[in-house]
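Please find below my note on the model, arranged as numbered points.

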Amino acid sequence: MSEAALKYVQDQKETSLNELIEFLKIPSISTLPENKDDILSAANWLMDHLKAIGVENVQLIETAGHPSVYADWLHAEGQPTLLVYGHYDVQPVDPIELWDSAPFEPTLNGEDLVARGSSDDKGQIFAHVKATEALLKADGKLPINIKFLIEGEEEIGSQNLEPALEANKDLLQADVCVISDSNILTPDQPSIVYGLRGIIYTEIEVSGPSLDLHSGRYGGGVHNPLQAMCEIIAKLHDEDGRITIPGFYDKVRTISDAEKAEMTTLNSDETFLAETGAPATWGEEGYSTLERVGARATLEIHGIRGGFVGEGGKTVIPASVLAKVSMRLAPYQPAKEIAQMYKEYVESIAPDTVNVKVNILQTADPVLTERDHPSIKAAEIAYEKSFGKAPVFMLDGGSIPVVEAFQRLFGLPVVLMGFGLPDDRLHSPNEKFHLPNFYNGISCSIQFLDQLAKN
Ligand code: BES
Ligand code: MN
Ligand code: MN
């Protein structure tokens with residue numbers, strides 16, 4: 001083990017933090033067209049930084065959307081190759097008024113660094129960059145070969161990445177992939193995620209009259225599209241919180257008793273409630289909160305646009321309304337198949353007094369990773385040596401679309417080695433990254449590389 005590299009990390013703490021702050025200042029919001037230049041600035045910043053730390057072949061991989069950044073260091077002959085994946089794009093900041101500091105002016109709050117993208121995913125990916133730097137600076141070499149693939153469209157579903165992966169199959173060839181884009185349980189209790197849910201993101205459009213109508217003159221004569229929308233949405237769950245789409249659960253696996261037991265040790269409803277501030281937990285009957293979030297499929301309504309929501313009152317029947325609806329898929333639920341089932345079901349329950357259109361915007365399949373792969377053992381040891389405790393295993397409810405593609409296209413084992421925390425407020429105002437996790441994450445990455453090296 002390179003003690004020199006670990007010491008380098010300690011000596012460079014302040015510099016690393018300042019560099020991360022620079023990276024976080026770039027508002028690389030992938031979903032907003034007005035931030036397209038910022039996306040390119042973030043990619044360029046990353047490329048310049050990777051060049052500066054001494055990795056090679058630094059280049060952009062173009063896609064039909066935002067580009068990915070690639071770099072490698074391949075001089076550890078006979079040693080395995082690690083692919084480090086992450087994303088430099090971030091979520092939008094709204095509602096901006098709920099931030100205590102400007103989202104792109106990173107601000108220290110005790111041991112936390114508050115900024116959009118701090119935990120998801122710039123801070124986590126930067127831990128691997130700093131680990132690589134420390135090894136190259138302290139030892140002049142890495143114990144294994146490394147490739148970086150840092151993309152710009154994860155937060156919008158990575159829908160353009162797969163063709164780029166296929167086109168760059170040789171360039172991206174590796175023995176194992178590590179992704180730090182999830183969270184551990186607490187700063188002292190690391191965890192390895194062994195399953196992520198899939199996602200289907202959709203829109204439902206309901207329209208009726210050709211123009212907004214006076215509700216006195218026309219109310220009672222036509223089906224209000226907003227009401228029809230609410231009726232459709234209300235039919236998507238039954239009283240037990242189960243999704244009503246026929247066949248929806250057919251391929252969901254039953255979780256083993258061992259997994260169930262393991263889950264009950266991880267988290268309590270009290271911590272869950274404290275984290276969310278919700279007055280009660282809710283969900284599918286017959287499963288614990290952690291099971292529902294990690295191992296069961298769910299359906300959420302994200303927003304409904306339509307009608308009048310300004311101050312005061314306006315007596316209107318809106319001509320059309322739009323709802324954003326997504327589903328999280330449990331392992332083995334095929335996203336494309338379920339998307340079709342959903343579309344047909346929504347169309348079938350739509351009253352014929354209105355027009356209904358269902359758009360499928362994104363799909364990503366759920367994944368399970370191989371828990372007994374040797375690289376998982378390496379991650380366990382790495383966590384223990386850096387965070388001071390062996391990790392537990394958990395399923396996470398979030399989605400990282402590319403994981404399934406790595407498995408299917410490249411047969412690549414994936415290690416989900418997160419450095420975030422459950423209360424990092426991902427996608428929410430005041431997103432933060434716990435800095436002790438950043439520094440331990442750098443050490444963890446160094447230890448991981450060391451463990452992957454064949455002696
Ligand atoms: N890093 C998250 C996913 C995540 C969060 C995994 C917490 C494990 C724990 C990722 O950036 C994300 O937000 N993904 C999106 C994907 C979607 C836009 C296709 C998600 O899960 O909503
Ligand atoms: Mn992420
Ligand atoms: Mn995210």
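**Notes on the ligand and metal sites**

1. A nitrogen atom of ligand 1 lies 2.8 Å from an N or O atom in the side chain of aspartate 181, a polar contact being a pair of N or O atoms within 3.5 Å (within protein, one must be able to donate a hydrogen and the other to accept it, and residues adjacent in sequence count only if both atoms are side-chain atoms). A nitrogen atom of ligand 1 is also 2.8 Å from a polar backbone atom of serine 399, and an oxygen atom of the ligand is 2.9 Å from an N or O atom in the side chain of histidine 427. Of the 510 Å² of accessible area that ligand 1 has on its own, the protein covers 91% (Shrake-Rupley method, 1.4 Å probe).

2. On the basis of the values: this is a predicted model, in which local features need pLDDT of at least 70 and side-chain atom pairs count only at pLDDT 80 or more, while totals for chains, interfaces and linings use all residues. Residues are numbered from 1 along each chain as its sequence is written, chains are lettered from A and ligands numbered from 1 in the order in which they are written, and side-chain values use heavy atoms, with hydrogens and water left out.

3. The shell around ligand 1 holds 18 residues, and Glu154, Asp181, Arg328, Ser399 and His427 are the closest (a residue is near if one of its heavy atoms lies within 4 Å). Four of the shell residues are nonpolar, eight polar and six charged. Ligand 1 lies between domain 1 (3-196 + 366-454) and domain 2 (198-252 + 297-364), because both give residues to its shell; the domain bounds come from an automatic or database assignment.

4. The manganese ion (ligand 2) is coordinated at 1.9 to 2.4 Å by His87 (NE2), Asp120 (OD), Asp181 (OD) and Asp181 (OD). Donors are N, O and S atoms within 2.8 Å of the metal (3.2 Å for Na, K and Ca), and sites may look incomplete because water is not among the atoms. Along the chain the donors follow the spacing H-x32-D-x60-D. Histidine 87 belongs to strand 3 (residues 81-87) and aspartate 181 to the loop between strand 7 (176-179) and strand 8 (191-196), so the pair ties together parts that are 94 residues apart in sequence. Helices (H or I, at least four residues) and strands (E, at least two) are DSSP runs, numbered from the N terminus.

5. Most residues other than glycine have a negative phi, and most peptide bonds are trans. A cis peptide bond, with omega near 5°, runs from aspartate 120 to aspartate 121, and aspartate 121 lies in helix 4 (residues 118-139). Aspartate 94 and proline 95 are likewise joined by a cis peptide bond, with omega about 0°.

Notes. Ala, Val, Leu, Ile, Met, Phe, Trp, Tyr, Cys and Pro count as nonpolar, Asp, Glu, Lys and Arg as charged, and the others, Gly among them, as polar.
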